[in-house]
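Colleague: I would like to go through the salt bridges of this model. Please start with how exposed the partners are.

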Amino acid sequence: MKESNYQLAAALRRELHAHPELSNEERWTKAHLMDFLRRHTTHIELIDQGAWFYGVYRAGTDRSGIAFRADFDAVPVEDRCGAAYASTVPGVSHACGHDGHSACLAALALEIDQEGADRNVYFLFQHAEETGDGARVCRELFRRERVDEIFGYHNRPGVPLGAVQVLDGTIYCASKGVILSYQGVPSHASMPEKGRNPAFAAAELIGQLGALTDPRQYRGLVLATIIQVNIGERAFGTQASRGQLLLTIRGQYEDELQKLEDSLLRMASAGAEKHGLGLDISFCDIFPSTVSAKSSNDKIRRACGALGIPLRELAEPFRSSEDFGHYTKLIPGAFFEIGSGPDCGELHTTTMDFPDAIIPTAVEIFKQLIGP
């Protein structure tokens with residue numbers, strides 16, 4: 001990677017870090033990235049898609065197409081990284097390193113703009129990864145353009161700086177937020193028998209979660225995590241009559257996540273009926289499993305071999321979720337990880353700061369995947 005391009009990308013990354021925006025609010029971020037590419041490239045066509053955008057280097061209508069994706073949203077975490085470019089937005093920061101992902105993709109665009117490529121190269125800048133909204137929308141790219149394969153990566157604190165991690169098949173679990181809203185009947189606190197309190201149905205369901213996720217029923221990981229229990233009001237003379245139970249369910253395999261969901265909702269409905277309650281069910285933050293094709297991972301393996309980059313084969317998927325899986329449902333591709341070392345802070349914590357030193361690693365791997 002050219003030193004001049006690295007310096008531009010590192011400066012961009014720090015500008016993004018200082019101005020984080022939450023999912024579906026990334027107006028400044030998107031505009032800043034587009035402006036950077038307009039100022040520093042000549043042969044990259046930019047296509048504005050509203051909340052997101054993509055760039056294209058066109059080698060010819062008869063050439064194959066390869067896409068690279070970077071996310072650019074931030075998270076609701078205070079920034080205490082101590083850097084001069086720390087977040088200027090209270091309570092919001094790039095504590096997941098999406099500033100670095102976008103800087104890497106912008107740096108790749110600079111390199112391809114200057115060096116050219118024998119393929120059509122698509123630079124996909126995606127909004128709202130953290131909520132699972134973005135990739136679902138950005139699949140429009142595949143309707144508009146011929147894309148044969150897609151790659152993306154995430155930085156991983158605690159893994160040696162610049163080392164790559166891959167896993168054939170599921171690398172990130174599918175997950176879904178479940179909101180169970182109970183409606184009962186209020187009563188005076190001295191006469192609880194005259195009302196219907198949702199606390200009992202919620203408590204019984206919570207007690208059944210262990211049996212619902214018993215690993216002997218599944219071939220892969222499944223989890224049900226209690227996020228919030230909110231029942232009644234601070235009114236000691238009135239029995240609770242309304243409440244919500246919020247859960248996140250996740251699974252290594254989407255069919256097993258569906259099995260867990262079906263069982264959970266049957267139990268919730270039965271409990272509501274038993275206690276004479278109304279029940280509304282809604283979902284949020286829906287993520288597919290992120291599945292990497294072996295054929296695409298093999299290209300990453302060869303790229304790392306050619307570049308002398310250490311490569312680790314993961315034994316099991318990460319429990320967390322990543323909406324990149326929407327893309328690999330449609331076309332071949334792979335999602336991998338690049339180690340960000342021991343000193344950058346953990347993901348989604350106040351001290352997280354993406355290390356600029358891995359920008360060249362990502363760019364050189366991407367260039368190998370594009371080919372000569």
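Modeller: Arg14 counts as partly exposed because its relative accessibility is 38%; buried means under 20% relative accessible area, exposed over 50%, and partly exposed in between (1.4 Å probe, protein chains only). This is a predicted model, where local features need pLDDT of at least 70, side-chain atom pairs count only at pLDDT 80 or more, and totals for chains, interfaces and linings use all residues. Residues are numbered from 1 along each chain as its sequence is written, and side-chain values use heavy atoms, with hydrogens and water left out.

Colleague: Which side chain does Arg14 meet in a salt bridge?

Modeller: A salt bridge is a side-chain nitrogen of Lys or Arg within 4 Å of a carboxyl oxygen of Asp or Glu. Arg14 pairs with Asp356 at 2.9 Å, N to O. Arg14 lies in helix H1 (residues 3-18) and Asp356 in the loop between strand S14 (333-339) and helix H10 (359-370), so the pair ties together parts 342 residues apart in sequence. Helices (H or I, at least four residues) and strands (E, at least two) are DSSP runs, numbered from the N terminus. Asp356 is buried, at 6% relative accessibility.

Colleague: How should I read a pair within one helix?

Modeller: An α-helix has 3.6 residues a turn, so residues three or four places apart point the same way. Here, Glu140 and Arg143 are three residues apart in helix H5 (residues 140-144), and their closest N and O atoms are 2.5 Å apart. Glu140 is partly exposed at 24%, whereas Arg143 is exposed at 63%.

Colleague: How many salt bridges does the whole structure hold?

Modeller: The search finds 30. Lys2, Glu111, Glu115, Glu364 and Lys367 are linked in a network of them.
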